[in-house]
Amino acid sequence: MSPRAAGARRKRFLVLTQYYHPEPNFITADVAEALAREADVTVVTAHPNYPRGEFYPGARYHRIQRSRVNGVTVWRVPMIPDHSLSPLRRALSYISFTVMAAIVSIAVAGRPDTVWVYQTPFTTGLAGLWFKLVLRTRLVFTCADLWPESFAAAGVVRSGLVMRVMAAYNRAINRAADLIICSTRGTMERFRADGVPADRLAVIPVWIGGVGELAARVGEPPAAPRRIVYAGNLGPAQKLDTLIEAAARLQQAAVPVEFDLYGSGSSEAELKALAERLGATNVRFHGRVALEEAFGASSSALAQIICLQPSALFRMTVPSKLFSAFAAGAPLLYGLEGDAAALAAESRGGIAFEASDPDTLVRAVAHLLELSPEERSGMRRNLRDFFATHFDPDLLEERYRELLGASSAVESSS
């Protein structure tokens with residue numbers, strides 16, 4: 001007898017996320033579409049506006065809009081967009097989405113079996129509380145970033161009192177979740193220290209959509225490449241002034257390497273001015289490009305650079321571009337600490353430097369150039385094997401399905 005004949009029904013999932021495809025948050029769309037193959041999935045999200053805080057062309061952002069995308073019902077709600085460093089405007093942006101998402105989700109989601117909240121920002125969880133408190137729905141959070149520490153790292157909040165208030169709120173909202181999926185082990189340990197039981201915590205790294213397919217098409221790099229590539233956000237957290245200063249010193253020493261930066265961000269103008277002031281003509285800024293172009297440039301480079309400002313927060317976080325770098329395979333020059341540094345070292349495909357010390361990056365480049373072609377090829381193989389074994393998006397997506405409780409049917413209450 002089939003499940004439906006026995007009175008069973010498809011499971012129902014509600015996904016609450018401020019960021020959704022076509023914005024660069026690949027996890028929510030990948031998981032939602034995987035769930036939709038065997039369950040009814042409703043997503044409540046904002047009209048796309050990330051990362052600039054400006055609505056994408058063609059967005060009907062003043063309206064509540066329904067669409068059907070790859071088996072998923074997507075509801076987009078109005079909000080106040082902002083991606084500035086103003087605490088007030090940023091708060092209004094987050095709260096405006098949370099309020100609209102809470103209202104619309106109650107109206108459109110019915111009685112879901114599981115509510116999955118992508119907790120970036122950490123106000124989004126409030127929109128799921130009605131389902132937990134009134135309908136006793138299972139509530140799952142994904143915490144891709146540590147809040148409120150992310151505010152401090154980005155320079156949005158500097159008040160100790162405000163940080164303490166937000167930390168207290170964060171502890172309270174996390175206690176409402178039946179399960180918290182953390183992006184790193186450091187984040188999980190932080191939540192355990194906050195009193196969240198270990199059996200309500202799990203770790204699944206973040207990933208970038210399409211990287212698995214791109215990795216499968218990677219070929220051998222050109223002979224003796226001399227390009228070092230950075231692909232990602234150009235913001236203060238990435239500490240890219242170290243890269244610019246190291247590039248200038250390598251140029252002065254007549255070391256024949258070039259640095260290509262792909263991406264944009266709040267520090268872009270400042271970095272360009274620094275390169276001009278130092279005479280670092282071996283640095284080129286390409287702006288935002290398609291994922292395929294950035295990945296191709298990374299995979300064919302002499303090396304890739306990943307760097308983060310030293311901080312207690314970043315010792316507990318792992319940038320998503322690290323996993324993309326594993327897949328691309330070019331040797332890593334990494335200025336990282338904590339969990340991210342441990343992963344880079346474990347991959348056996350990188351050379352460490354200090355994020356705040358350009359001289360250590362200069363020495364790392366010199367070390368890489370001293371290696372034989374065979375040794376550099378070995379680093380490439382190590383990185384790609386490490387990605388395939390631990391971070392392939394198909395494996396991580398399946399882990400999400402397991403933790404969210406996906407199955408073909410549940411018993412009907414009728």
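Which helix holds Thr242? Keep that question in mind while you look over the whole chain. This is a predicted model.

**Start with the whole chain**

Show everything as a cartoon. The C-alpha trace spans about 75 × 50 × 45 Å along its principal axes. The radius of gyration is 22 Å, which agrees with the value near 22 Å that a compact globule of 414 residues would have.

Now colour by burial. Of the 414 residues, 54% count as buried. Residues 24 or more positions apart account for 74% of them.

Switch to the surface. The accessible area comes to about 18,200 Å², and carbon and sulfur atoms hold 54% of it. Then colour by charge. There are 45 positive and 41 negative side chains. The centres of these two sets lie 7 Å apart.

**Select Thr242**

Here is the answer to the opening question: Thr242 sits in helix 8, residues 241-252. Thr242 is buried, because its relative accessible area is 1%, under the 20% cut-off. Show what is around it. Beyond its neighbours within four places in sequence, Thr242 is in contact with Phe353, Glu354, Ala355, Ser356, Asp357, Pro358 and Leu361.

**Select residues 373-390**

This is helix 14, with 18 residues. From first C-alpha to last, helix 14 reaches 26 Å, close to the 26 Å expected at 1.5 Å a residue. Which residues of helix 14 are buried? They are Arg376, Gly378, Met379, Arg380, Asn382, Leu383, Phe386 and Phe387. Keep a general rule in mind as you turn the view. An α-helix has 3.6 residues a turn, so residues three or four places apart point the same way.

**Visit two cis bonds**

Go to Pro22, in the loop between strand 2 (11-16) and helix 1 (26-35). The peptide bond from His21 to Pro22 is cis, with omega near 15 degrees.

Then jump to Pro121. Its loop runs between strand 6 (114-118) and helix 3 (129-133). Thr120 and Pro121 are joined by a cis peptide bond, with omega about 5 degrees.

**Finish with two arginines**

Select Arg136, in the loop between helix 3 and strand 7 (138-143). Arg136 is not a glycine, yet its phi is positive, about 60 degrees. Is Arg136 buried or exposed? Arg136 counts as exposed, because its relative accessibility is 67%, over the 50% cut-off.

Last stop: Arg348, in the loop between helix 12 (338-346) and strand 15 (350-352). Phi of Arg348 is positive too, near 60 degrees. With 59% relative accessibility, Arg348 counts as exposed.

Key. Residues numbered from 1 in each chain as written. Predicted model: local features only at pLDDT ≥ 70, side-chain atom pairs only at ≥ 80, totals over all residues. Heavy atoms only, no water. Rg over C-alpha atoms; globule rule 2.2 N^0.38 Å. Buried < 20%, exposed > 50% of the residue type's maximum accessible area, 1.4 Å probe, protein only. Contact = heavy atoms within 4.5 Å. Areas by Shrake-Rupley, 256 points an atom, 1.4 Å probe, with all protein chains shown as cover. Lys, Arg positive; Asp, Glu negative; His and termini not counted. Charge placed at Lys NZ, Arg CZ, Asp CG, Glu CD. Helix = DSSP H or I, 4+ residues; strand = E, 2+ residues; numbered from the N terminus. Expected span 1.5 Å × (residues − 1).
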